[in-house]
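Hi,

Here is the structure I promised to send over.

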Amino acid sequence: MHSNNNFELYEQLEDLEDIPGIRNVPDELLRFPNQNKSRPRQKKQQDETIELVEQENDLNFSYNASKHEKEWLIGSLEDFYRQQWFDDVIRLIKGGGKEASVYQCLANDTISDEYLAAKVYRPRKFRQLRNDSFYREGRLLLDDEGHEIHNGGALHAVQKRTTLGMRLLHTSWIEHEFQTLSMLHQAGADVPTPYVSGNNAILMGYIGWDDLAAPTLNTVNLVKQEAKQVFDRVIHNIELILAHHRIHGDLSAYNILYFEGEIFLIDFPQAIDPDVNRNAYAIFRRDLIRLCEYFQSQSVNCDPVHLAKDLWQKHGFNIKSPIDPRLISPDYNDEL
Ligand SMILES: Nc1ncnc2c1ncn2[C@@H]1O[C@H](COP(=O)(O)OP(=O)(O)OP(=O)(O)O)[C@@H](O)[C@H]1O
Ligand SMILES: [Mg+2]
């Protein structure tokens, strides 16, 4: 679990260029990459790199990361460390996920939680964001402080998928996860406490024991009676989320943590708003189908297709046909 093998992928990191923040796209960034070639900027970059290497030297975490993983980790978490959100990175909880790796950190004394979970996103080029435009329909483009980006040049860069455009999308994706988590936490949903988001990572409450993170629900076998209680709690959360005009979008037992009888829904970057996404109902239905696969294996009687329809209509949404099922994902199933 704690091996560094997952990080072989990161050998050719492009992440050092990811470190500067993206705040409502300053003009210098839009003129990128030409400006990048000028001498003063190169000099500045050199200085920044030297400074970073010097700073890296005084950042020694208990978690023993490989060289490249360490660069990536420090580049992504250094600001949070210096702002005293946490004092140490203790272990890798899960590496090489499709979006990110998650680490257990020792929280600073000023934080009420003893530990934090740091979700550090993979460098853009290694992310497996299939059909992300499908989830982005109607969504705002957010900068790394969570503000909407209006700048026409930036929006054009995203449309054209230039390097800058991809970088903006990456940041926006992270901010969407953080904002969704914050909104749902405030609404009382069972999600980890969100603390702070940055250019390449978010910090949230850690779910688990001192030496072991909570398992994901797909690895847990429940007795029938508890399975029904957990199922009801998940449905309660789905309804609460829907009442706040959100759909998880990648819900399954893999994205639910189970800890001492409680559940926590995680992994929200692709969450969508049913008011602006024309495929919202198909995505909602798919979430319920995947969820029920697990609960059916735990002897809970559930009919995801009827359940999806009932919940959807109960919350006042209209059922619309999806615009193009193949856009949902390559594994989209016509039966959905
Ligand atoms: N707050 C948390 N506390 C403890 N463990 C967590 C927390 N958040 C995430 N994890 C662990 O990290 C894993 C990956 O997190 P998440 O699902 O958000 O990222 P991901 O990139 O989508 O990964 P995957 O592709 O594995 O789903 C989770 O499956 C879970 O084991
Ligand atoms: Mg996940």
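How many of the 24 residues of H6 are buried? H6 is mostly covered, with 17 of the 24 buried; "buried" means under 20% relative accessible area, "exposed" over 50% and "partly exposed" in between, using a 1.4 Å probe and protein chains only. Helices here are DSSP runs of H or I with at least four residues, strands are runs of E with at least two, and both are numbered from the N terminus.

Before you go further: this is a predicted model, so local features need pLDDT of at least 70 and side-chain atom pairs count only at pLDDT 80 or more, while totals for chains, interfaces and linings use all residues. Residues are numbered from 1 along each chain as its sequence is written, chains are lettered from A and ligands numbered from 1 in the order in which they are written, and side-chain values use heavy atoms, with hydrogens and water left out.

Back to H6, which covers residues 163-186. After H6 comes Gly 188, with a positive phi near 95 degrees.

Now the ligands. Among the 19 residues around ligand 1, the nearest are Lys 94, Lys 98, Ala 100, Lys 119 and Asp 267 (a residue is near if one of its heavy atoms lies within 4 Å). As for polar contacts (pairs of N or O atoms within 3.5 Å), a polar side-chain atom of Asp 267 sits 2.6 Å from an oxygen of ligand 1. A backbone N or O atom of Ala 100 is 2.9 Å from an oxygen atom of the ligand, and a polar backbone atom of Gly 205 is 2.9 Å from one of its nitrogen atoms. The protein buries 93% of the 600 Å² that ligand 1 exposes when taken alone (Shrake-Rupley areas, 1.4 Å probe).

Asp 267 turns up again at the magnesium ion (ligand 2), where Asp 267 (OD) and Asn 255 (OD1) are the protein donors, 2.1 to 2.2 Å away. Donors are N, O and S atoms within 2.8 Å of the metal (3.2 Å for Na, K and Ca), and water is not among the atoms, so the site may look incomplete. Both Asn 255 and Asp 267 are buried.

Cheers

Note on methods. The expected span of a helix is 1.5 Å times one less than its number of residues. A polar contact is a pair of N or O atoms within 3.5 Å; within protein, one must be able to donate a hydrogen and the other to accept it, and residues adjacent in sequence count only if both atoms are side-chain atoms.
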